[in-house]
Amino acid sequence: MLWDVNIFLVPYTWIRHVVVALNTGGAALLTWYAIQIWIIGLAPTFHGIGLYWNQAFEGTMFLSGIGGMIAFTSVLAEGSLRRRAMTWRMMYAVLGGGLTFFGTVATYLFFRMLVPYMSTEDYVEVVEDASLVTLRYTLALWALAGVMSGLGPYAARKIQRFAARAFGFAVDGAVRPIANPWSVRFAELFFHTGGGFAAAVFGAAAWQLMGQYREWGGDLYLASAAAAFIWGFGHGLLTWGIPDDLYAGWIRILSAERYGLRIPIDKVDGTPSERFVGHFPRGLDMYMPAEHGVAELHTSFVVDRSHHYAVRGLSIQPTVVKRFLERINLGYDPRRPAPLETQLKMGDRILMGVGKDYSEVEFLLLPKEER
């Protein structure tokens, strides 16, 4: 299935930012194709026997259908990534998609009723024409549909959190402390509504350019397809992406004597954690031989509640963090009240020791289920 996203197949690279966007964009494009088949292929038959709605309602179904499928796919993608049970996954996806679909229908009809009253008598007949293909009178409809495509998933996610808090566990069975689910975080609401709004407006702009201007194609059929994909892709890019809390930090040894050995930094319950590296024989999380430049207690790797990772230099022996165009010296200075530390990024390498006698480890971010 197009939108059955698997966290194991999404590495912690730039690609994770576009995975959900490609799914929502593809789902929007498939919905556009289904609508075209219905209107072009099946509508004449059903219209002949009196089972088809008024032609003026086609625009409503176009925006509502695409917006509803985008919302459905966004919530379903989150459920797939978090490995929720299929029943709960589908239930909340249908809830988000349904709220968007019927909300868009309601706002569309309400706006179409108001437009004649906001127009002069000379233009009433023009703006009431359902076949009008210009953004001058329809941009607000696209924008409202975009806002609803963000509100639907937002409401579904808030209800889902409320259910998790009310019953004491998340819908996938994992116990998680959840803050007040009804507290409205402005940033989250803004990203949902603002992202949906911007995505729909960009889709509308593509529809106008490719449909009305010959140098951009001048084809209304292809223009509507491009608008659907851009709306869906932009929604997935701006509204909800793969969060960092689906990944966990690992320490992997790159030195030849213990190459490939790795340990997780995070605890299973998600509380702050610290892992120690050195050659002291007992009590350390990762043992490395002293003859390869590692002190008894050399470094530690920490993660806080906000899922931020850092490495600390605990020894006067050389400790260097290497990344692209950067070298950070974390050697401990006994005159300082606390050891030096720096934030970690995916792929950072930590060198312990000097000269030929040194050991090297790497910081990785892998899916949390990787054990």
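## A walk through a predicted fold

At 7% relative accessibility, glutamate 78 counts as buried, where buried means under 20% relative accessible area, exposed over 50% and partly exposed in between, with a 1.4 Å probe and protein chains only. Glutamate 78 sits in helix H2; helices here are DSSP runs of H or I with at least four residues, strands are runs of E with at least two, and both are numbered from the N terminus. Leaving out residues up to four places away in sequence, glutamate 78 touches Arg84, Arg157 and Trp240, with contact meaning heavy atoms within 4.5 Å.

A word on the ground rules. This is a predicted model, in which local features need pLDDT of at least 70 and side-chain atom pairs count only at pLDDT 80 or more, while totals for chains, interfaces and linings use all residues. Residues are numbered from 1 along each chain as its sequence is written, and side-chain values use heavy atoms, with hydrogens and water left out.

Now step back to the whole protein. It has seven helices and eleven strands. Of its 371 residues, 45% are buried. Among contacts with a separation of 6 or more, 63% are between residues 24 or more positions apart.

Let's start with the helices. Two packed helices are described by the angle between their axes and the distance between the axes. For the values here, axes are lines fitted to C-alpha atoms, for helices over the stretch in contact, and angles run from 0 to 180 degrees between N-to-C directions. Helix H2 (residues 58-81) packs on helix H7 (residues 220-238) at about 30 degrees, with the axes 10 Å apart. H2 and H7 are therefore roughly parallel to each other; the scheme calls angles under 35 degrees roughly parallel, over 145 roughly antiparallel, 65 to 115 roughly perpendicular and the rest oblique. The crossing of H2 and H7 is right-handed, a label used if the near helix is turned clockwise from the far one by less than a right angle, with anticlockwise giving left-handed. On the H2 side the contact is made by Phe62, Leu63, Ile66, Gly67, Ile70 and Ser74, and on the H7 side by Ser224, Ala228, Trp231, Gly232 and His235. These residues divide into six nonpolar, five polar and no charged. In that count, Ala, Val, Leu, Ile, Met, Phe, Trp, Tyr, Cys and Pro are nonpolar, Asp, Glu, Lys and Arg are charged, and the others, Gly among them, are polar.

H7 has another partner in helix H6 (residues 186-212): their axes come within 7 Å and cross at roughly 160 degrees. That makes H6 roughly antiparallel to H7. This crossing is right-handed too, and its contact residues divide into 16 nonpolar, eight polar and no charged.

Threonine 104 is a spot to look at in helix H3 (residues 86-114). It is buried, with a relative accessible area of 2%. Not counting residues up to four places away in sequence, threonine 104 touches Leu63, Ser64, Ala145 and Met148. Methionine 148 is 44 residues away along the chain, yet the two C-alpha atoms are separated by 6.0 Å.

On to the nonpolar cores. In soluble globular proteins, nonpolar side chains tend to be buried together. A nonpolar core here is a set of buried Ala, Val, Leu, Ile, Met, Phe, Trp, Tyr and Cys residues joined through side-chain atoms within 4.5 Å. The largest has 37 residues, of which Ile242, Phe301 and Val361 touch the most other members. At least two residues of this core come from each of helix H1 (19-48), H2, strand S1 (247-253), strand S5 (299-303), strand S6 (309-313), strand S10 (349-354) and strand S11 (357-367). Beyond four places in sequence, isoleucine 242 touches Ile7, Val10, Arg16, Val19, Val20, Leu81 and Tyr247. A second, separate core of 22 residues includes Tyr108, Ala145, Ala200 and Ala223.

Last stop, the strands and their loops. Threonine 342 is in strand S9 (residues 341-343) and, at 15% relative accessibility, counts as buried. Most residues other than glycine have a negative phi. Histidine 307, in the loop between S5 and S6, has a positive phi of about 70 degrees. Leucine 325, in the loop between strand S7 (319-323) and strand S8 (326-329), also has a positive phi, of about 60 degrees. Histidine 307 is buried at 17% relative accessible area, whereas leucine 325 is exposed at 75%.
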